[in-house]
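Work through the exercises below with the structure at hand. Try each task before you read its solution.

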Amino acid sequence: MNWLPTAGMSGGVIHLETWNDKLLPELARRLQEAEEVANYTMEYHPAEHRFRFAAWAASTAARSSRQVCTFPVSKGAKLLRMSGLKWLSLGSHWLPRTREDFDVAHDQWCEEIRHLAQDEISNSFTYGISAKLVNCFLKALFLQTMVGPPFDPYGDRGEMGWDESTRFIHPPIDRVLMEEAARRSEPAMKERWKQLIGVGWSRFTRDDYIRAIRLSREIVGEDVAQIEACWSGFQ
């Protein structure tokens, strides 16, 4: 029998060979295309959109020291995606909730990136380059709230505002920022900045980086990102 009775279709029957050879394959193809489109739409979440931009910006900045260690932007983005930092693209609620916890987490992120880079890029990938990658990534994600009063459109949410934790973010440290910070400092502090400038941010050890952050806090206070006032930009 080559005809199948149907309900609710014009004519009440359908030709089995046409159904099996033409209609079913076409339906299967269309369903597969719809599933592929749906999967792609779900994959490109707003967090993924934010991650890609921040990873590009951070990798472009961190790879700039050609005398120490340079690398493709794609490699820098890969390091960030392999690390726990990727979750921060979901929003500021993923940041540590106290300044002390942020400093601990920041050190862990830098060490994680540095160890990953030893396998993925080079042993010459320093703590300073790790910190530059981390800090520029966070700056790109949270630029609008990391300096100044926190953005809090919904009023008080407990002990801290909605984006209070973004004020704990460290600034990217580079020569431009350090030279301007030194220019604004009194003689004793100026000499400490000059020592760090002599080392160079891309050669920073963990101790060098900690000294740079401490010096920055001596100038601007606990919200260390305020030292960005010393960075003139696009140099």
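The model is predicted.

**Exercise 1. Into which classes do the residues of the lining of the largest cavity divide, and which residues are they?**

Solution. 
- Step 1: list the lining. The largest cavity is lined by Gly128, Ala131, Lys132, Asn135, Pro172, Ile173, Trp201, Phe204 and Tyr209.
- Step 2: sort them. The lining divides into 6 nonpolar, 2 polar and 1 charged. Gly counts as polar, and Lys as charged.
- Step 3: find the main contributor. Helix α5 gives the most to this lining, with 4 residues.
- Step 4: The largest cavity comes to about 40 Å³. The search of the whole structure finds 1 cavity of 30 Å³ or more.

**Exercise 2. Is Leu138 buried or exposed?**

Solution. 
- Step 1: Leu138 lies in helix α5, which spans residues 127-142.
- Step 2: read its accessibility. The relative accessible area of Leu138 is 0%.
- Step 3: apply the cut-off. Buried means under 20%, so Leu138 is buried.
- Step 4: look at its surroundings. Leaving out residues up to four places away in sequence, Leu138 touches Leu85, Leu88, Phe102, Trp109, Leu143 and Ile169.
- Step 5: compare sequence and space. Leu138 and Ala58 are 80 residues apart in sequence, yet 8.4 Å apart in space, C-alpha to C-alpha.

**Exercise 3. How many helices and strands does the chain have, and in which order do the elements run?**

Solution. 
- Step 1: count. The chain has 8 helices and 2 strands.
- Step 2: order them. From the N terminus, the elements run β-β-α-α-α-α-α-α-α-α.
- Step 3: widen the view. Of the 235 residues of the chain, 40% count as buried.

Methods:
Residues are numbered from 1 along each chain as its sequence is written. This is a predicted model: local features need pLDDT of at least 70, side-chain atom pairs count only at pLDDT 80 or more; totals for chains, interfaces and linings use all residues. Side-chain values use heavy atoms; hydrogens and water are left out. Buried means under 20% relative accessible area, exposed over 50%, partly exposed in between (1.4 Å probe, protein chains only). Contact means heavy atoms within 4.5 Å. On a 1 Å grid over the protein atoms alone, a cavity is a set of points where a 1.4 Å probe fits but cannot get out, and a pocket is an open set with protein on both sides within 12 Å along at least five of seven lines; lining residues have an atom within 4 Å of a point. Grid points are joined across faces, edges and corners, and a volume is the space filled by probe spheres set on the points.
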